[in-house]
Amino acid sequence: MRWFLRRGDQLVVASILVMAVLSGVAFFGIQKMRSIDYIDIDEAPSVEYRFLVDVNQADWPELAQLPGIGETLAKRIVQSREMQGPFLDHSDLQRVRGIGPRTVDSLRSYLLPMPEAEAIASDASTIPAS
C-alpha cells in the first residue's frame, strides 16, 4: 500500500500534532498551578438586594417597580403628592384611589421608614418663641 503523504509531509503533520498536544498539556498544567476556582452560575449563591423607596421623593418610574404598583398607580401617587402634599406616614398612601390597606401592608417592606407625624417640625409661626 502506498502512502498518500511523502516522508517530509508526514514529519510536518507529526510535528504539528506533537505541538498541539504539548500546548494542551501546558495550558491545563498552568491552569492547575494557578488553581483558579471557576464559579458555576447555577451553583452561585444568590444575592438579595434591598430595594427601598421614599414615596415623598420617588418619581413614577421608580414607584412602578414596586410589587402591585403599575404605571397608573405610580402616576396617581405622584399626582396625589403634588396636589395634596407629602405623605405623612405609610398608611397615608390610602388616600390614592386604588390603594387599600392590603396594598399598603404589602409595600411596607419596600418603603423607607417615615418619621412619626408628631416628630415632624411644624410651622415656626404657630410655635411661640421661648
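1. pLDDT is the predictor's confidence in each residue, on a scale from 0 to 100. This is a predicted model, in which local features need a pLDDT of at least 70, side-chain atom pairs count only at pLDDT 80 or more, and totals for chains, interfaces and linings use all residues. Residues are numbered from 1 along each chain as its sequence is written, and side-chain values use heavy atoms, with hydrogens and water left out. Confidence in the protein is lowest in H1, with a mean of 88, and highest in H3, with 93. The average pLDDT of the protein is 82, and 82% of the residues score at least 70. Where pLDDT is low, the predicted coordinates should not be read in detail.

2. The protein has four helices and zero strands. Both kinds of element are DSSP runs numbered from the N terminus: helices are H or I runs of at least four residues, and strands are E runs of at least two. The pattern along the sequence is α-α-α-α.

3. The protein exposes about 10900 Å², and carbon and sulfur atoms supply 59% of this. Accessible areas come from the Shrake-Rupley method with a 1.4 Å probe; for residues, only the protein chains shown count as cover. Of the 130 residues, 19% are buried. A residue is buried at under 20% relative accessible area, exposed at over 50%, and partly exposed in between (1.4 Å probe, protein chains only).

4. A contact means heavy atoms within 4.5 Å. Among contacts between residues at least 6 apart in sequence, 39% join residues at least 24 apart.

5. Which residues of the largest nonpolar core touch the most other members? They are Leu63, Ile69, Ile77, Leu93 and Ile99, in a core of 18 residues. Helix H3 (71-84) and helix H4 (101-107) each supply at least two residues of this core. H3 gives the largest share, four residues. A nonpolar core is a set of buried Ala, Val, Leu, Ile, Met, Phe, Trp, Tyr and Cys residues joined through side-chain atoms within 4.5 Å. In soluble globular proteins, nonpolar side chains tend to be buried together.

6. Ile69 can be followed through its contacts. Neighbours within four places in sequence aside, Ile69 is in contact with Leu63, Ala64, Ala74, Ile77, Ile99, Thr103 and Leu107. One of these, Ala74, is in helix H3. Ala74 is buried because its relative accessible area is 0%. Not counting residues up to four places away in sequence, Ala74 touches Trp60, Leu63, Ala64 and Ile69. The C-alpha atoms of Ala74 and Pro61 are 7.3 Å apart in space, while the two residues are 13 apart in sequence.

7. Is Ala58 buried or exposed? Ala58 has 4% relative accessibility, so it counts as buried. Its place is in the loop between H1 and H2. Leaving aside neighbours within four places in sequence, Ala58 is in contact with Val53, Leu63, Val78 and Arg81. Ala58 and Ile77 are 19 residues apart along the chain, and their C-alpha atoms are separated by 9.7 Å.

8. Asp59 also lies in a loop, the one between helix H1 (7-34) and helix H2 (60-63). Asp59 counts as exposed because its relative accessibility is 52%. Its C-alpha atom is separated by 8.0 Å from that of Ala74, 15 residues apart along the chain.

9. Leu66 is found in the loop between H2 and H3. Its relative accessibility is 4%, so Leu66 counts as buried. Leu66 touches Phe51, Val53, Leu107, Tyr110 and Leu111, not counting residues up to four places away in sequence. The C-alpha atoms of Leu66 and Phe51 are separated by 8.8 Å, with the residues 15 apart along the chain.

10. Asp92 has its place in the loop between H3 and H4. A polar atom of the Asp92 side chain lies 3.2 Å from the backbone nitrogen of Leu88. Neighbours within four places in sequence aside, Asp92 is in contact with Pro86 and Phe87.

11. The structure holds one aromatic pair. Phe27 and Phe28 form this pair, which is edge-to-face, with 5.2 Å centre to centre and 75 degrees between the planes. Rings of Phe, Tyr and Trp (its six-membered ring) pair if their centres lie within 6.5 Å; planes under 30 degrees apart count as stacked, over 60 as edge-to-face, and the rest as tilted. Phe27 is partly exposed because its relative accessible area is 46%. Phe28 counts as exposed, at 59% relative accessibility.

Methods. A polar contact is a pair of N or O atoms within 3.5 Å; within protein, one must be able to donate a hydrogen and the other to accept it, and residues adjacent in sequence count only if both atoms are side-chain atoms.
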